[in-house]
Amino acid sequence: MPERSAHSGHHGVMPVIADAPGPDHPTAPPEPVDPARLYRDMAITRRIDTEAIALQRQGELGLWPSLLGQEAAQVGAAHALQPQDMVFPTYREHGVAWVRGIDPVELLGLFRGTTLGGWDPQQHRMNTYTLVIGAQLLHAVGYAMGIVRDGDVGTGEPGRDRAVLAFLGDGSISEGETNEAFVWAAAQDLPVVFLCQNNQWAISAPFSVQSRVPVARRADGFGFPGIRVDGNDVHAVLDATREALERARAGGGPTLVEALTYRRNPHTTSDDDGRYRSGAENDRWAARDPLALALDGMETGDGRAALLAEVEQECEQVAARLRAGCRALPEPDPAAPFDHTFAEITPELERQRAEHLAFVASLEVTP
């Protein structure tokens, strides 16, 4: 296959692992994304992350999975989506959620223990977070099968053709669910793009103990394209994901995109990364900060100063709303876990719900 670049920019482009054919039914050229918009979304995403960590340290959240260093991989991928596409995240895609229009306060409920979800997946075309490693990939494949059965692939109608964007981390490639999803997506030629944020650490396990080859090269064994891009370059991720999604919508089947990046914070706020990696490694990646790289490609002078001031003001507003919104999240209804399990609750679950509510009532202190 001919070698080509996944991005024509200048920020350390990764070599392409495998090439892929273009869409069978090419669509209109995509609208360009304003670089200032990409920077703004990355900056706000980072501020959401920073504030959530502070809230956890103050005891307002039980846990928080930070995305520091992965802003470009998420914001770039999210901007490649069309409104009708569907997203299946892991539990760290706070930047994707922001771009999909989800209120950041809704991200906090799961980690505060007030909800099992947080938002309406159909409204935002983004499923709720999945904590089980790799499980969301099977959900994504199942959803993609539905798209095919609805006939919403390869019609050539830009507002009708749909695709699925499924996120995974490098740790997920060791999971059976991930490999099952890859097999089924290939066998059924499904419109799904798997986007692996290879942040190089599966909690305390480095990528080197999980695989002898890059993530993108795994796709060869399943029979679909794999592309590796610089995950700290928002434009590279945007271009690669956009091309893969266009191919999926046109009936070209699945693609695995590996965004090579780095998790600069611990796995979660309950983790101590000082026990398994060096500060020097973190410093090397901090020198390739995604936000700084995005600014490098933009104009300098008064225009940049005005942009930075405007973005900082918006970050402050989002942070203030996040702090107030977190503390105002309502206490959960004890019956909530039973309410959305099935469309119609079964007699057995009805019995369990009644037993559960009676137990909760028995705990209430009478004056």
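In what order do the strands of the open sheet sit, and is their pairing parallel or antiparallel? Hi everyone, let's work through that together. What you see is a predicted model. Five strands form the open sheet, in the order β1-β2-β3-β7-β6, and the pairing is parallel. At the edges are β1 (86-88) and β6 (226-230), each of which pairs on one side only. On average, neighbouring strands in this sheet are turned by 20 degrees against each other, direction ignored.

Now let's go through the pairs. β2, residues 164-169, and β3, residues 192-198, pair in the parallel sense over 6 bridges. Then come β6 and β7, which run parallel and are joined by 5 bridges. Here I227 stands opposite V257 in β7.

Let's stay with β7 for a moment. Is it mostly covered or mostly open? It is mostly covered, with 6 of its 6 residues buried. T255, V257 and A259 point one way, L256, E258 and L260 point the other way, and all are buried.

Helix α7, residues 176-188, lies across β2, β3 and β7 and runs at about 150 degrees to β3. Helix α9, residues 234-249, belongs to a right-handed β-α-β unit together with β6 and β7.

One residue I'd like you to find is N199. Where is it? N199 sits in the loop between β3 and β4 (201-202). N199 counts as buried because its relative accessible area is 6%, and the cut-off for buried is under 20%. Leaving aside neighbours within four places in sequence, N199 is in contact with Q70, R92, D170, T261, Y262 and R263. The C-alpha atoms of N199 and G69 are separated by 8.6 Å, although these residues are 130 apart along the chain.

Finally, how confident is the prediction? The protein averages a pLDDT of 91, and 91% of the residues score at least 70. Over residues 1-13, though, the pLDDT is below 50, and this stretch has 30 contacts in the model beyond near neighbours in sequence. Residues 15-27 are also below 50, with 26 such contacts. Where pLDDT is low, the predicted coordinates should not be read in detail.

Methods:
Residues numbered from 1 in each chain as written. Predicted model: local features only at pLDDT ≥ 70, side-chain atom pairs only at ≥ 80, totals over all residues. Heavy atoms only, no water. Pairing = 2+ DSSP bridges. Helix = DSSP H or I, 4+ residues; strand = E, 2+ residues; numbered from the N terminus. Axes fitted to C-alpha atoms, helices over the stretch in contact; angles between N-to-C directions. Contact = heavy atoms within 4.5 Å. Buried < 20%, exposed > 50% of the residue type's maximum accessible area, 1.4 Å probe, protein only. pLDDT = per-residue confidence, 0-100. Right-handed = clockwise from strand over helix to strand, strands pointing away.
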